[in-house]
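Subject: Structure handover

Hello,

Please find the structure below. My notes on what was found in it follow.

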Amino acid sequence: MMNKSPVLSMPPIPWKRGFDDGVSGANLCPYDPMTIDSWAWSSGYVEGSAAVRNAASLMAQKRGGRDHAKSTS
């Protein structure tokens, strides 16, 4: 008999709020710990903060300042 793994669906509203918080740098999750909403917020936060770092790195590379890109990561 095969055991099926549970499938979780990422709630879009907490994810988007996490993404926006990651972009802005606000890092306090508004959801109760260990909930699907806090998981979605955390996932969005990681993606949002990565988008900021990647944008800063690309801008530094375009200016020719690779050292600046390393110092912001």
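Surface patch

Leu8, Met10, Ile36 and Trp39 together make a nonpolar surface patch with about 360 Å² of accessible area. Patches are built from residues with over 30% relative accessible area and no salt bridge; like charges are joined within 9 Å, and nonpolar side chains (Val, Leu, Ile, Met, Phe, Trp, Tyr) within 5 Å. Accessible areas come from the Shrake-Rupley method with a 1.4 Å probe, and for residues only the protein chains shown count as cover. Leu8 is located in the segment before helix 1, and it counts as exposed because its relative accessibility is 53%. Exposed means over 50% relative accessible area, buried under 20%, and partly exposed in between (1.4 Å probe, protein chains only).

Basis of the notes

This is a predicted model: local features need pLDDT of at least 70 and side-chain atom pairs count only at pLDDT 80 or more, while totals for chains, interfaces and linings use all residues. Residues are numbered from 1 along each chain as its sequence is written, and side-chain values use heavy atoms, with hydrogens and water left out.

Helix 1

Helices are DSSP runs (H or I, at least four residues), numbered from the N terminus. Helix 1 has 13 residues (residues 12-24), which should span 18 Å at 1.5 Å a residue, and its end C-alpha atoms are 18 Å apart, in agreement. The expected span is 1.5 Å times one less than the number of residues.

Pro14, Gly18, Asp21 and Gly22 are buried in helix 1. They lie on the same side of helix 1 because they cover an arc of only 100° around the axis; the arc is that of the directions from the axis to the C-beta atoms. Pro12, Ile13 and Ser24 are exposed on the other side. Helix 2 (36-63) is included in what covers the buried residues of helix 1, where contact means heavy atoms within 4.5 Å. Just after helix 1, Gly25 has a positive phi of about 95°.

Salt bridge

The count is 1 salt bridge, defined as a side-chain nitrogen of Lys or Arg within 4 Å of a carboxyl oxygen of Asp or Glu. Asp20 and Lys16 form it at 2.7 Å, N to O. They are separated by about one helical turn, because they are 4 residues apart in helix 1. Asp20 is partly exposed at 34% relative accessibility, and Lys16 is partly exposed at 43%.

Helix 2

The 28 residues of helix 2 should span 40 Å, and its end C-alpha atoms are 41 Å apart, which agrees. Its buried residues include Trp41, Gly44 and Gly48.

Regards

Technical notes:
Helix = DSSP H or I, 4+ residues; strand = E, 2+ residues; numbered from the N terminus.
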